[in-house]
Amino acid sequence: RGRRERAPAVSIIDGALSLFPDHPALHLERASIAIPTGDPRTALSHLSSVLAIRKDDADALHLAGYASQLLWRLDEAVAYLRRAVELRPDNDRFLRTLAYAYSAAGRPQDAAAIWRDFVEREPDCLDHLYYLAGTLNDAGEIRQATETYRRIVTLAPDSGAAHRMLGLATRYDDPSHPHIAELEKGLARASEDKANAREFHFALYRAYDGTGDYDRAFAHLLEANRLLGETKGYSRGSEFTLIQRLQDHFSAAFVEEMP
């Protein structure tokens, strides 16, 4: 729901809170509306009211962790989320949110442990494998990350994104590296899919750059960026607008308020 659609609900809940200011369910519902409307501070205020009454409310702890993460209060986020997971260890949504918080807080090994458990339960789930590989890579476990990326490529041989990620953990110091041939074949198969072809071109750029074939590497880089413009709708005007919005949002006053 958009902001306008949520406005009546906010009015109703705020009215109810004026009558029942200590009602935890009302505070929890108000917080759940504040987060998607981009107001995590308001959400945390209401969640504090819930947790003052019900300190072991797992849903409130989960939302408080998520709201804290949005505010980059990462130690707080991890603390809230770990408690939520302790209370509901089988809640996959809580576990995923904790994994994201660990990654944001610079704790990729802890995040990888969570994704590894997911992969053990669902060994062919590409999303879980991607997250596991990424966190292993961030943790410096390059060999395990490479093995995981290779597993992804085995499951999705025509996925340019999977091949590109494998390439990030691969050293191409030999022009006869077998992955280069795989990339060329994958690109040929992906020629009609611009978004997929773009990923193969980026992967081939890195591969040929590694072997020292800079002319071929640059040709793939140029084509990858041309396709990026076509598939992502890049425009210089929108980029300037984004920069201006960032400058407006991250004002001196905003930065001063940050923890």
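Predicted model: local features only at pLDDT ≥ 70, side-chain atom pairs only at ≥ 80, totals over all residues.
## Basis of the model

Residues are numbered from 1 along each chain as its sequence is written.

## Helix α9

Helix α9 spans residues 142-155 and has 14 residues. Helices are DSSP runs of H or I with at least four residues, numbered from the N terminus. From first C-alpha to last, α9 reaches 20 Å, close to the 20 Å expected at 1.5 Å a residue. That expected span is 1.5 Å times one less than the number of residues.

Ala145, Thr148, Tyr149, Ile152 and Val153 are the buried residues of α9. Seen down the axis, these buried residues fall within an arc of 145 degrees, so they line one face of α9. The arc is taken from the directions from the helix axis to the C-beta atoms. Buried means under 20% relative accessible area and exposed over 50%, with a 1.4 Å probe and protein chains only. Arg143 and Thr154 are exposed on the face turned away from the buried side. The buried residues pack against α8 (126-138), α10 (160-168) and α11 (178-189). Contact here means heavy atoms within 4.5 Å.

## Helix α11

Helix α11 has 12 residues. Its reach is 17 Å from first C-alpha to last, close to the 16 Å expected at 1.5 Å a residue. His179, Ile180, Leu183, Gly186 and Leu187 are buried in α11. They cover an arc of only 125 degrees around the axis, which puts them on the same side of α11.

Pro178, Lys185 and Ala188 are exposed on the other side of α11. The cover over its buried residues includes α9, α10, α12 (194-211) and α13 (214-232).

## Ser68

Ser68 lies in helix α4, residues 58-70. Ser68 is buried, with a relative accessible area of 0%. Leaving out residues up to four places away in sequence, Ser68 touches Leu44, Arg73, Glu76, Ala77 and Tyr80.

## The largest pocket

The largest pocket holds about 190 Å³ of space. Its lining is Gly38, Pro40, Arg41, Leu70, Leu71, Trp72, His249, Phe250, Phe254 and Met258. A pocket is an open set of points on a 1 Å grid over the protein atoms alone, with protein on both sides within 12 Å along at least five of seven lines; lining residues have an atom within 4 Å of a point. By class, the lining has seven nonpolar, two polar and one charged residues.

Methods:
Heavy atoms only, no water. Helix = DSSP H or I, 4+ residues; strand = E, 2+ residues; numbered from the N terminus. 1 Å grid on protein atoms, 1.4 Å probe; cavity = no way out; pocket = protein on both sides within 12 Å on 5 of 7 lines; lining within 4 Å. Points joined across faces, edges and corners; volume = space filled by probe spheres on them. Nonpolar A, V, L, I, M, F, W, Y, C, P; charged D, E, K, R; others polar.
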